[in-house]
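Have the structure open as you read.

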Amino acid sequence: MRKFFFFIHKCLVVFYSAFLAKQTCLVCKKQLFSFLPICRDCINELFYKTLEDRKLHKDSYCLHCGIPLISEKEFCTKCRAIFNDGIKLEKQFLLFPYINKYTDIVLHWKNENTRSLSLLFASIIKQFIKNNPELEGLPIVPVPSRPKKIKTKGWDQIEDICFYLEDSIPIKRILTRNDGHSQKGLSKAERNVNMQDKIHIKPKVSIPKKVIILDDVITTGATIEACKQCLKEAGCQEVLTLVLFFN
């Protein structure tokens, strides 16, 4: 039934974008006849080539957070400083820099309600997990959205992605979030304060021993750290992090 729904949904969106509301690629401005607002060439160049490079040249990326290395070896400057302070952190996977064309795409996705991009990002996550066998089979815990945001906007980008992921990846929606101020525009210290007592475990849910937290953009990491702490206090033994875009 889910596959049939995806097929009908895709057909309707393709018909709409090809005949009723023609669009151009967000990157190269080429006319499109697809439900995605980015052409295949630009998708490959910006996303899938990067994933393939990460797979073939793992030594060019930080062993802890996964960002590209410039001159450092094994760990980026930020992660090395954390380790030097004696802090033990679980592995993060930060995929694409939140700059230039990537920023334009994310803003179009979130601010212009281009929800078809959620399907693209879900496909990218599936490919990344396939390239990293250590992640296969692990349940994904989405970072929960503020209820007020859902009420105002009508949808949540992480939940959209999880909808397309859960045909092949276990999704554990075990976290909930209290309403409060958005993290946007706050400093790191303000974000940490803003997230205090905001994340909770839903009642009567089982806690896996090892999970992957999923978010779209990481800035200071305050939201993800609040989620990790909540999961650890509930009994989760290891919490990995997967984020599409990093600042």
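## An aromatic cluster

In this predicted model, Phe 47, Phe 96, Tyr 102, Trp 109, Phe 121 and Phe 245 are joined into a cluster by ring pairs. The count of aromatic pairs comes to 10. One of them is Phe 96 with Tyr 102, a stacked pair with 5.7 Å from centre to centre and 20° between the planes. Phe 96 is buried, at a relative accessible area of 0%. Tyr 102 has 11% relative accessibility, so it also counts as buried, the cut-off being under 20%.

Phe 96 also pairs with Phe 245, and here the rings are tilted: their centres are 5.9 Å apart and their planes make 45°. Which parts of the chain does this pair tie together? Phe 96 sits in strand β3 (residues 92–97) and Phe 245 in strand β8 (residues 238–246), so the link joins parts 149 residues apart in sequence. Both Phe 96 and Phe 245 are buried.

## The sheet

Strands β3 and β8 also belong to an open sheet of 4 strands, ordered β3-β8-β7-β4 with parallel pairing. At the edges are β3 and β4 (140–142), each pairing on one side only. From one strand to the next, the twist averages 20°.

Take a look at β4 and strand β7 (residues 210–218), which pair in the parallel sense over 3 bridges. Pro 142 has Leu 214 as its bridge partner in β7.

## A helix on the sheet

Helix α5 (residues 116–131) packs on this sheet and touches β3, β4, β7 and β8. The direction of α5 makes about 130° with that of β8.

Note on methods. Residues numbered from 1 in each chain as written. Predicted model: local features only at pLDDT ≥ 70, side-chain atom pairs only at ≥ 80, totals over all residues. Heavy atoms only, no water. Phe/Tyr/Trp six-rings, centres within 6.5 Å; stacked < 30°, edge-to-face > 60°. Buried < 20%, exposed > 50% of the residue type's maximum accessible area, 1.4 Å probe, protein only. Helix = DSSP H or I, 4+ residues; strand = E, 2+ residues; numbered from the N terminus. Pairing = 2+ DSSP bridges. Axes fitted to C-alpha atoms, helices over the stretch in contact; angles between N-to-C directions. Contact = heavy atoms within 4.5 Å.
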